[in-house]
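User: I am new to this structure and would like to learn how to read it. Could you take me through its features one at a time?

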Amino acid sequence: MFKNVIKGAVIGVANVIPGISGGTLALILGIYEKLTESIGEFFNVTRKKKVEYIIFLSQIMIGAGVGILIFAKLIEFLFKNHYEGTSFFFLGVIIASLPAIMHHKDKIHPKKNEVILFLIGGLIPLVLFFYQSFIKVSAVDGIDGTISGFYIIKLFLCGIIAGGTMVIPGISGSLILMILGEYYNVLGFINNFKIFPMGMFAVGAAVGIFIFAKVMDKFLKRHKDETLYFILGIVTLSLLEMWPGVTLNISNIVLDMIVFCTGIFIVTRVRNIKIKR
């Protein structure tokens, strides 16, 4: 139980940070398939299985809530004050975790259609990356203003889109929210405990998560290797979104390399412990 709560906390923190994919971390932590199955198959299984799914999802949700409320402030501080170093740490973590994604596939060598799916998957973060480069994202301050019925509908729809993308590894739900112009508003609703708009967004996110999880669960069961190559394409090219650039002085470059290698070391060490067990 405690392990699942911790994993949920990691996913919760990831979903607050633009450019970091909660779906990717769920995959790295080894719970992605169970997560999509628990949500996607919930209404199609026996009562005993439903209870198992509820316990598992409750543990993940509690962890995610704790992660968002407690650790998000720390991560936000690190990104604001040590953006470059923090980004390089997460780059190291994700790069070192890429082999873990393909560990789940059935066949050793990719087929032609799997390579094509890898390339198609890679196009998605590329499009988002270049689109983000051409738009100006600002902190839209609608938190203290009057919330209209139209805005509530918009929040609900943004919740569906953000929630759905949170399920797909390699795509950051927070980044999508930023592109939609609602990232700072949603953070404001959470920090200021604006229950109604926060609730509408949460309901939309739950709908999006359910729909996308059901789709991903079907694909993983019927076309496992093809789906994994598609996901790998998204995750690999999504690293572009996280690239922070490099400050050209020796001390910064050395520090970036240290935190980058630390991220790789931690993931490699954890994977080796799992293999030994």
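Analyst: What follows is a short tour, from the overall fold to single residues. This is a predicted model, where local features need pLDDT of at least 70, side-chain atom pairs count only at pLDDT 80 or more, and totals for chains, interfaces and linings use all residues. Residues are numbered from 1 along each chain as its sequence is written, and side-chain values use heavy atoms, with hydrogens and water left out.

User: How many helices and strands does the protein have?

Analyst: Start with the rule. Helices (H or I, at least four residues) and strands (E, at least two) are DSSP runs, numbered from the N terminus. Here there are 13 helices and zero strands. Along the sequence the pattern reads α-α-α-α-α-α-α-α-α-α-α-α-α.

User: What share of the residues counts as buried?

Analyst: Buried means under 20% relative accessible area, exposed over 50%, and partly exposed in between (1.4 Å probe, protein chains only). Of the protein's 277 residues, 44% are buried by that rule. Helix 9 (residues 183-191) gives a local example: its buried residues are Tyr-183, Asn-185, Val-186, Leu-187, Gly-188 and Phe-189. Ile-190 also lies in helix 9. Ile-190 is partly exposed, because its relative accessible area is 25%. After helix 9 comes Phe-193, with a positive phi near 50 degrees.

User: How do I describe two packed helices? At what angle do helix 7 and helix 10 pack?

Analyst: Two numbers do the work: the angle between the axes and the distance between them. Axes are lines fitted to C-alpha atoms, for helices over the stretch in contact, and angles run from 0 to 180 degrees between N-to-C directions. Helix 7 (residues 149-167) and helix 10 (residues 195-222) pack at about 35 degrees. Their axes are 6 Å apart.

User: Is the crossing of helix 7 and helix 10 left-handed or right-handed?

Analyst: A crossing is left-handed if the near helix is turned anticlockwise from the far one by less than a right angle, and right-handed if clockwise. The crossing of helix 7 and helix 10 is right-handed. By class, their contact has 18 nonpolar, five polar and no charged residues. In this scheme Ala, Val, Leu, Ile, Met, Phe, Trp, Tyr, Cys and Pro count as nonpolar, Asp, Glu, Lys and Arg as charged, and the others, Gly among them, as polar.

User: How many salt bridges does the structure hold?

Analyst: A salt bridge is a side-chain nitrogen of Lys or Arg within 4 Å of a carboxyl oxygen of Asp or Glu. The structure holds two. In one, Lys-218 pairs with Glu-41, and the closest N and O atoms are 3.5 Å apart. Lys-218 lies in helix 10 and Glu-41 in the loop between helix 3 (32-40) and helix 4, so the pair ties together parts 177 residues apart in sequence. Glu-41 counts as buried because its relative accessibility is 12%. Lys-218, at 29%, counts as partly exposed.

User: Which residues form a nonpolar patch on the surface?

Analyst: Patches are made of residues with over 30% relative accessible area and no salt bridge: like charges are joined within 9 Å, nonpolar side chains (Val, Leu, Ile, Met, Phe, Trp, Tyr) within 5 Å. Accessible areas come from the Shrake-Rupley method with a 1.4 Å probe; for residues, only the protein chains shown count as cover. The patch here consists of Ile-62, Val-66, Ile-68, Leu-69, Ile-70, Phe-71, Leu-74 and Phe-77. Together they have about 740 Å² of accessible area. Ile-62 sits in helix 4 (residues 47-81). Ile-62 counts as partly exposed because its relative accessibility is 49%.

User: How far apart in space are Val-13 and Phe-71?

Analyst: Read separation along the chain alongside distance in space. Val-13 and Phe-71 are 58 residues apart in sequence and 6.4 Å apart, C-alpha to C-alpha. Val-13 is in helix 1 and is buried at 9% relative accessibility. Gly-12, also placed in helix 1, is buried at 1%. Gly-12 and Gly-63 are 51 residues apart in sequence, with 7.2 Å between their C-alpha atoms. For Ile-190 and Leu-69, the figures are 121 residues along the chain and 8.6 Å between C-alpha atoms.
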